[in-house]
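Hello,

My notes on the contents follow it.

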Amino acid sequence: MSVILSVEKLSHQYKQTTAINNVDLTITAGECIGFLGPNGAGKSTLLEILEGVKTPTSGKVLFQGRQLTKHYKQQIGIQFQSTSLPDFLTVKDTLLLFASFYHTALPIATLIEMCQLSEVENQTHYTLSGGQRQRLLLALSLVNDPEILFLDEPTTGLDPQARAHFWQLVEQIKAQGKTIIITTHYMEEAQKLCDTVVIMDRGKILCRGAAAQLISEHFHQHILSIPMELLSTPMLASINAMANLHVKQSATHCLIEYNHMEDIVAILREVENRGITMRQPHLEDLFMKLTGSELRA
Amino acid sequence: MKALLALIQARNLEFSRDKSAIGWSLLFPIIILIALALVFDDDSPSLYRVGVYGPSTSIEAVLSLKHIDIIHYDDLSDAQYKVARHHIDGLVSAEQYWINPTSARGYIVEQLILAQAPSLQKTEISGEAVRHVEWLLPGIIGMNMMFSGLYGVGYVIVRYRRTGVLKRFQVTPLSAWQFLSSQLLSRLLVILATAVIVFVVICTLFTIEIKGSAWLLLLNMTLGTAAMISIGLMVASRTRSDEWCNGVLNLLSWPMMFLSGIWFSLEGSKDWVRLIADMLPLTHLNDANRAVIIDGAGIVAIGDHLLFLVAIITVSLSLASYRFKWQ
Ligand SMILES: Nc1ncnc2c1ncn2[C@@H]1O[C@H](COP(=O)(O)OP(=O)(O)OP(=O)(O)O)[C@@H](O)[C@H]1O
Ligand SMILES: [Mg+2]
């Protein structure tokens, strides 16, 4: 499989903040890659550098092995984290306007149908609901039938149904072999849509890989989660001292990773069996472990 | 090209759906003109006005007449023009006097002059009076063009930049140059269309006749408006701040408002004031408009004005696209 986008030793410095800190990354054609990270991790900044909107302080972006040219803009579609559109234009007008910017564009009717906008095609865009607006923004990013699609938190603020529909759309686009680069704060979204997950914090890439593989690399097989209020200080100390366990505390819970049941029997005897869960580790645990913060911070 | 046309159309759609903007840009100049025409209904000032050219030693008797305004002129042809246009009722020099035979007030003034200095030679200068509204019309239209040109594009672009519309455009293949020209052209169309409507309404209402070529007038207004829009584009080329934009536009528009001869003629004012006035595009737009409407001037006569406007357009647009920032 061929590398479509790559960066080496990429850094970006704002006045106060180092938003991207010496990042290496390659993205394969046809891959759906998801960026996770707490607020301010540098996801949007990284995306904007990959899009060619921002020039990094150091390092270069290569598209199919070559530096970005004017032609690159014909090949990419972008949905920013937040954006505005020209006033007073209807959904259809807006799509027509953006279509006119490209050499080749998909028929507007196709886009409207694909993104389920036919009911609102003659409505001005600021009268749209959040989900409809999100679909319009997605349609705009698809106008030129792009090779690479950048979606910066496309489902933030959507209701579960709208999000599920959005996932369907993304699956459709994936099926066409497009490369999709997405950021999200929703674990299940990353787990469901992305072939590759990248966890970032403070401008650095902490890990990268398929979600399942990352989880098995970073965790014992199971997790025991105990609400903090059930644990006294001496109990915590004794748990921390036990062998074969990995213990991590968050504000609300004590998370204990273990491989064999016999390693935790002693704990289960001590603690009231209320609010305790035993489960498989999931992406959220990985995120917590690596960034030290809750996902939806 | 496709992108340019689509952008122009989108911008015009935006404008045409913004009902208040249309109403305002049409009604404002018409209301001002009608109001001014009513306020200045009385075209005849209560005093007689006599111009004096050159040394006045031998005609002191004339100058000592009471209740007559005496205005001194250094430029003879300018003074003669004032007689032709009934701006003054007569003109005297040490040897002769000039009178407009079509002016009733001129006849009275002539009798007064002859009674005081019977030896002066008479010369007739004929010409129609210029009504106040006729004099104001080109100025008000020019002023309206200035305001809608300067402020119309500036605010839209600054707002687009601040809210991220421009950033969204930036990631498409659209170039800064395409974007700027589309804003220029769509605004130009709108302003010219409203100007033509205002013009027709006022001309019919007050039976004003355009002496020169209407096409030349349109050319001049096109260049003048394009110059104003280009300046607006230049000012808005990289700022995100409404306030800053507003400040600079005010700084540019207020001097034009008062120094471009819309409301009153600048003759007789200090050299440096005239120098500033000559650098303002509205002065050239206005002078050329008046020359075409009132004096029937041809393209050669207003050539300098047109060239000046073209220069302003070229410089401002180049600066605007060179300095342009999407974010
Ligand atoms: N234009 C800017 N000027 C200065 N600092 C900035 C600018 N844009 C972003 N930053 C800073 O850079 C860091 C990374 O920001 P970025 O927007 O890339 O984060 P993010 O991962 O997208 O966060 P979120 O999940 O909240 O969208 C943050 O600390 C932010 O404050
Ligand atoms: Mg972000």
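A:Asp87 and B:Arg159 form a salt bridge, with 2.5 Å between the closest N and O atoms. Please keep in mind that this is a predicted model. The rule finds two salt bridges across the interface of chain B and chain A, and the pair A:Asp87 and B:Arg159 is one of the salt bridges in the model. The count of residue pairs in polar contact between chain B and chain A is six, with both residues at pLDDT 80 or more.

On the side of chain B that touches chain A, three helices of chain B supply at least two residues each: H1 (2-17), H6 (132-163) and H7 (165-170). H1(B) provides the largest share of that side, eight residues. By residue class, the side of chain B that touches chain A consists of eleven nonpolar, seven charged and five polar residues.

Next, the extent of the interface. In contact with each other are 23 residues of chain B and 24 residues of chain A. Chain B and chain A bury about 2,200 Å² between them, and carbon and sulfur atoms give 62% of this area. Of the area that chain B buries against chain A, 30% is supplied by B:Arg168, B:Val171 and B:Pro173, which is more than any other three residues supply. In general, accessible area lost when the parts come together is often the way the size of an interface is given.

Now the ligand. Ligand 1 is surrounded by 13 residues, and the closest are A:Asn39, A:Gly40, A:Lys43, A:Ser44 and A:Thr45. The shell around ligand 1 divides into eight polar, three nonpolar and two charged residues. Helix H1 of chain A, residues 43-51, gives the most to this shell, with three residues.

Which side chains have an N or O atom listed against an oxygen atom of ligand 1?

- A:Ser44: a side-chain N or O atom is 2.7 Å from an oxygen atom of ligand 1.
- A:Asn39: the distance from a side-chain N or O atom to an oxygen atom of ligand 1 is 2.8 Å.
- A:Glu153: a side-chain N or O atom and an oxygen atom of ligand 1 are 3.2 Å apart.

As for cover, ligand 1 exposes 640 Å² when taken alone, and the protein buries 63% of that.

Regards

Notes. Residues are numbered from 1 along each chain as its sequence is written. Chains are lettered from A and ligands numbered from 1 in the order in which they are written. This is a predicted model: local features need pLDDT of at least 70, side-chain atom pairs count only at pLDDT 80 or more; totals for chains, interfaces and linings use all residues. Side-chain values use heavy atoms; hydrogens and water are left out. Contact means heavy atoms within 4.5 Å. Buried area is the accessible area (1.4 Å probe) that two parts lose on being put together, summed over both. A salt bridge is a side-chain nitrogen of Lys or Arg within 4 Å of a carboxyl oxygen of Asp or Glu. A polar contact is a pair of N or O atoms within 3.5 Å; within protein, one must be able to donate a hydrogen and the other to accept it, and residues adjacent in sequence count only if both atoms are side-chain atoms. Helices (H or I, at least four residues) and strands (E, at least two) are DSSP runs, numbered from the N terminus. Ala, Val, Leu, Ile, Met, Phe, Trp, Tyr, Cys and Pro count as nonpolar, Asp, Glu, Lys and Arg as charged, and the others, Gly among them, as polar. A residue is near a molecule or strand if one of its heavy atoms lies within 4 Å of it. Accessible areas come from the Shrake-Rupley method with a 1.4 Å probe; for residues, only the protein chains shown count as cover.
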